[in-house]
Amino acid sequence: MSPLHTVLLIHPTDNLLVALQDLAPDTLVTEEGLRTQQAIPAKHKLSMTSLQPGDELRMYGVTVAKALKPIAAGEAITTANVQHQANSVSQRQ
């Protein structure tokens, strides 16, 4: 996905990417033209798409949070713009 191998998409249904290195503002991170909106430290997450309040954030193929405010594509994911909300987990016996 990344022309420069600067981000990682963990699962094909995810809408979050993981920065593999410190990213400067306006860094091209995907072949589709996604650019960072601000500096994003290594190991932090960024949104692949524009999100509205209440939209689900997916990582590892499951919901991990919901947007609290509008989040632009390429914007860093922080505790200020999302609220943790995981899918329920069931155990097999």
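Trainee: What makes the meeting of the side chains of Asp26 and Arg35 a salt bridge?

Mentor: In this predicted model, the N to O distance between the side chains of Asp26 and Arg35 is 4.0 Å. The definition asks for a side-chain nitrogen of Lys or Arg within 4 Å of a carboxyl oxygen of Asp or Glu, so the pair is called a salt bridge. Side chains of opposite charge can pair when their charged atoms come close.

Trainee: How many salt bridges does the structure hold?

Mentor: The structure holds 1 salt bridge.

Trainee: Why is Arg35 called partly exposed?

Mentor: Arg35 has a relative accessibility of 37%. Buried means under 20% and exposed means over 50%, so a value in between is called partly exposed.

Trainee: Where is Asp26 found, and what is noted about its phi?

Mentor: Asp26 is found in the loop between β2 and β3. Its phi is near 65 degrees, a positive value in a residue other than glycine.

Trainee: What is the phi of Lys43, and is Lys43 buried or exposed?

Mentor: Lys43 has a phi near 75 degrees, which is again a positive value in a residue other than glycine. Its place is in the loop between β2 and β3. With a relative accessibility of 67%, Lys43 lies over the 50% limit and therefore counts as exposed.

Trainee: Why does Leu28 count as partly exposed?

Mentor: The relative accessibility of Leu28 is 28%. Leu28 is found in the loop between β2 and β3. From C-alpha to C-alpha, Leu28 and Thr6 are 8.8 Å apart in space, while 22 residues apart in sequence.

Trainee: How do you know that β1 and β2 are paired?

Mentor: Strands β1 and β2 (residues 16-19) are joined by 2 bridges and run antiparallel. Pairing requires at least two bridges, so β1 and β2 meet the condition. Within this pair, Val7 stands opposite Ala19 in β2.

Trainee: What joins β2 to β3?

Mentor: There are 3 bridges between β2 and β3, which run antiparallel. The requirement is at least two, so this is a pair as well. Here Val18 stands opposite Lys45 in β3.

Trainee: What makes the sheet open, and which strands stand at its edges?

Mentor: The sheet is formed by 3 strands in the order β1-β2-β3, with antiparallel pairing. At the edges stand β1 (7-8) and β3 (45-47); each has a single partner strand, so one side of each is left without a neighbour in the sheet. Strands of a sheet pair through backbone hydrogen bonds, either parallel or antiparallel.

Trainee: Which way do the residues of β2 point?

Mentor: Leu16 and Val18 point one way from β2, whereas Leu17 and Ala19 point the other way. All are buried.

Trainee: Why is Ser47 called buried?

Mentor: Ser47, whose place is in strand β3, has a relative accessibility of 0%. This is under 20%, so Ser47 counts as buried. Leaving out residues up to four places away in sequence, Ser47 touches several residues, including Asn15, Leu16, Leu34 and Ile71.

Trainee: What makes the approach of Ser47 to Thr49 a polar contact?

Mentor: A polar atom of the Ser47 side chain lies 2.4 Å from the backbone oxygen of Thr49. The limit is 3.5 Å, so the distance falls within it.

Trainee: How do you know that Asn81 is buried?

Mentor: Asn81 has a relative accessible area of 2%, which is under 20%, so the word buried applies. Asn81 is found in the loop between β5 (62-67) and β6 (82-84). A polar atom of its side chain lies 2.9 Å from the backbone oxygen of Ala76. Beyond its neighbours within four places in sequence, Asn81 is in contact with residues including Lys66, Ala67, Leu68 and Lys69.

Trainee: How many strands and helices does the protein chain have, and how much of the chain is buried?

Mentor: The protein chain has 6 strands and 0 helices. Of its 93 residues, 34% count as buried.

Trainee: What is the confidence in the protein chain?

Mentor: The average pLDDT is 90, and 88% of the residues score at least 70. The mean is highest in β3, at 98, and lowest in β6, at 92. Where pLDDT is low, the predicted coordinates should not be read in detail.

Methods
Residues numbered from 1 in each chain as written. Predicted model: local features only at pLDDT ≥ 70, side-chain atom pairs only at ≥ 80, totals over all residues. Heavy atoms only, no water. Helix = DSSP H or I, 4+ residues; strand = E, 2+ residues; numbered from the N terminus. Buried < 20%, exposed > 50% of the residue type's maximum accessible area, 1.4 Å probe, protein only. Polar contact = N/O pair within 3.5 Å; in protein donor to acceptor, adjacent residues only side chain to side chain. Contact = heavy atoms within 4.5 Å. pLDDT = per-residue confidence, 0-100.
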